[in-house]
Amino acid sequence: MILAALAALAYALAAFGLVRRLQAGGSAHGALWPLLLAGNGVLLQLGLHVWAGHLRGAPDLHFFAALSLVSLGMAALTVAAARLERLEALGVVVFPVAAACVLTYALGAQPGSGSNDLPWPILMHAWLALLAYAALALAALFAAGLWLQERALRQRRITGVVRILPPLTQSESLLFRTLVAAFALLTLALAMGLVFVENLFAQHLMHKTVLSLLSWTVLATLLFGHWRWGWRGAKAARWTLAAMLLLGLAFFGSRFVYEFLLAR
């Protein structure tokens, strides 16, 4: 719990620092100390999961643990990209989410509830799927920002949150680069599942497999449509959100049903 509280505090202070810079100057670029705090939050959150896995004898991939791991991936990607792409303002959304998820995991974790007896290829399949969802969640934030920018330009009202977003061309480039990364990670996760899971279409895995394949198909269609017909803006945002929803239902929907409704 101490590690979770320290990680949440670091994330909260980082978000607070970014908000103050945005209020003062309309830009969070160059906000070094909030990013350092967020980096410490990432390390503390990672340490929490490593320590919890050590105590259980295996990684914990249950519902709240998976949410925390996704938020960890989002926070780590945000910190890594911020200095390169001037995306510090993204932390205003991502870091509070990470703080909430790590506290929820620490409060809701069940002793001895690790994913025991899972071979490493299955664990790698799960890690890749969670990382793909983290990248897809960031892509959804980029897509929402891109949609807001295009609407503001059409209405000629560049105010509010639109002022702190990256330039339109940069937002679009970031969106599709992130989508390519998410697509590659999801492809690897599905490939490992097909190779190493004995019966990927068994009854208890059918819904998860079908939803993951649907998410992969939506991503593939969007990326092809962008390359072939120049899909962007609101259309890209809708397809991105659809892919994120499908992948979220594949993992978190099934885990919620099994762990909370069926108590398995």
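1. A residue is called buried when its relative accessible area is under 20%. The model discussed here is predicted. By that cut-off Phe251 counts as buried, because its relative accessibility is 13%.

2. How many aromatic pairs does the structure hold? The count is ten. One of them is formed by Tyr11 and Phe95, with 6.0 Å from centre to centre and 20° between the planes; this pair is stacked. Tyr11 lies in helix H1 and Phe95 in helix H4, 84 residues apart, and the pair thus links distant parts of the chain. Tyr11 counts as buried, since its relative accessibility is 0%. Phe95 likewise counts as buried, with a relative accessibility of 0%.

3. The largest nonpolar core comprises 70 residues. Which of them touch the most other members? They are Tyr11, Phe95, Leu130, Leu136, Leu175, Leu179 and Phe252. At least two residues of this core come from each of the following helices: H1 (2-25), H2 (32-56), H3 (63-85), H4 (91-108), H5 (120-155), H6 (168-196), H7 (203-229) and H8 (233-261). Helix H5 gives the most, with 17 residues.

4. The core list and the aromatic pairs share some residues. Tyr11 and Phe95 are among the core residues that touch the most other members, and they also form the stacked pair.

5. Leaving aside residues up to four places away in sequence, Leu175 touches Ala139, Phe142, Ala143, Leu146, Ala236 and Thr240.

6. Ser68 is located in helix H3. Is Ser68 buried or exposed? Ser68 is buried, because its relative accessible area is 0% and the cut-off for buried is under 20%. With residues up to four places away in sequence not counted, the contacts of Ser68 are Gln45, His49, Cys101, Val102 and Tyr105.

Definitions and conventions:
Residues are numbered from 1 along each chain as its sequence is written. This is a predicted model: local features need pLDDT of at least 70, side-chain atom pairs count only at pLDDT 80 or more; totals for chains, interfaces and linings use all residues. Side-chain values use heavy atoms; hydrogens and water are left out. A nonpolar core is a set of buried Ala, Val, Leu, Ile, Met, Phe, Trp, Tyr and Cys residues joined through side-chain atoms within 4.5 Å. Buried means under 20% relative accessible area, exposed over 50%, partly exposed in between (1.4 Å probe, protein chains only). Helices (H or I, at least four residues) and strands (E, at least two) are DSSP runs, numbered from the N terminus. Contact means heavy atoms within 4.5 Å. Rings of Phe, Tyr and Trp (its six-membered ring) pair if their centres lie within 6.5 Å; planes under 30 degrees apart count as stacked, over 60 as edge-to-face and the rest as tilted.
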